[in-house]
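Here are my notes for you to read alongside the model. Have the structure open as you go through the points.

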Amino acid sequence: MKFHQILKRLHFSMLIILIIHLFTFVLIGFGLNGWLVYVWKVETYLSGILLFFISIKKHKRIAFYTSFYILAPIGIFLARLADGILAGLIGSLLLAFLVPPTYVLADKNYQIRREFTGFLGGCCSYTIKENKLWLFEKTVAEFRSVHEPTEISKLEVVKNIYAVIHYKPEGKKDSTLVLLNQ
């Protein structure tokens, strides 16, 4: 087999795995570990760029598909030159797939992550993920808070029913109670 064919099969198999992960994660809230998915996204993106440069000379349909991987950063750059809301919308749309998971705090089996809401999104959307084995995770709760991620000091899960998020005291103690989906 030629390198081009191997790379194409690898690229599309990773893309299919990412699409299956997306559907299972959206529909049932269960998916692969966040960093593993991020690494697969980056590898898929890089293999798409490499496929573009390999197939551009042959003028095949694959060159048209893989041109997205080259044109997306150019589109973000041009939108940034235009400034304003257009840059935020286009940048958020195209970069949402390549933003790594942002871990805020971790417990034994649970993690709090800050969600990417785009460049124009509001502050402080969080999800609580439950680790399943080492490879999988499940979204058990989503919440919004007025507190920044650096202000979260402790996550306490009580009997897998609810979670208490404690914040660093600025004057008086503060906490948030979140019910877990089971």
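**Notes on the fold**

1. Let's start with helix 4: helix 3 (61-82) is part of what covers its buried residues. Those buried residues are Ala87, Gly88, Gly91, Ser92 and Leu94. Buried here means under 20% relative accessible area, with exposed over 50% and partly exposed in between (1.4 Å probe, protein chains only). Helices (H or I, at least four residues) and strands (E, at least two) are DSSP runs, numbered from the N terminus.

2. A word on the source: this is a predicted model, where local features need pLDDT of at least 70, side-chain atom pairs count only at pLDDT 80 or more, and totals for chains, interfaces and linings use all residues. Residues are numbered from 1 along each chain as its sequence is written, and side-chain values use heavy atoms, with hydrogens and water left out.

3. Five strands make an open, antiparallel sheet in the order 1-5-4-3-2; to pair, two strands need at least two DSSP bridges between them. Strand 1 (30-32) and strand 2 (102-106) are the edges, each pairing on one side only. From one strand to the next, the twist averages 40°. Strand 1 and strand 5 run antiparallel and are joined by three bridges, and Leu32 has Phe136 in strand 5 as its bridge partner.

4. Which helices lie on this sheet? Helix 1 (residues 3-28) lies across strand 1, strand 4 and strand 5, at about 150° to strand 1. Helix 2 (residues 34-55) also packs on the sheet, touching strand 1, strand 2, strand 3 and strand 5, and its direction makes about 55° with that of strand 1. Axes are lines fitted to C-alpha atoms (for helices over the stretch in contact), and angles run from 0 to 180 degrees between N-to-C directions. Contact means heavy atoms within 4.5 Å.

5. Look next at how the two helices meet. The axes of helix 1 and helix 2 come within 9 Å and cross at roughly 145°. Residues of helix 1 in this contact include Phe3, Leu7, His11, Leu15 and Leu18, while helix 2 brings, among others, Val37, Trp40, Thr44, Leu51 and Ile54. By type, the contact divides into 11 nonpolar, seven polar and three charged residues. Nonpolar covers Ala, Val, Leu, Ile, Met, Phe, Trp, Tyr, Cys and Pro; charged covers Asp, Glu, Lys and Arg; the others, Gly among them, are polar.

6. Two loop residues deserve a look. Asn33, in the loop between strand 1 and helix 2, counts as buried because its relative accessibility is 16%. Leaving out residues up to four places away in sequence, Asn33 touches Tyr103, Trp134, Leu135, Phe136 and Glu137. Pro101 sits in the loop between helix 4 (85-95) and strand 2 and, at 17% relative accessibility, is buried too.

7. Finally, the cores. The largest nonpolar core has 16 residues, and Ile112, Tyr126, Ile128, Phe143, Ile152, Ile165 and Leu180 have the most contacts inside it. Such a core is a set of buried Ala, Val, Leu, Ile, Met, Phe, Trp, Tyr and Cys residues joined through side-chain atoms within 4.5 Å. Strand 3 (110-114), strand 4 (125-132), strand 5 (136-144), strand 6 (152-158) and strand 7 (162-170) each give two or more residues to this core. Apart from it lies another core, of five residues, including Tyr45, Tyr69, Ala72 and Leu94.
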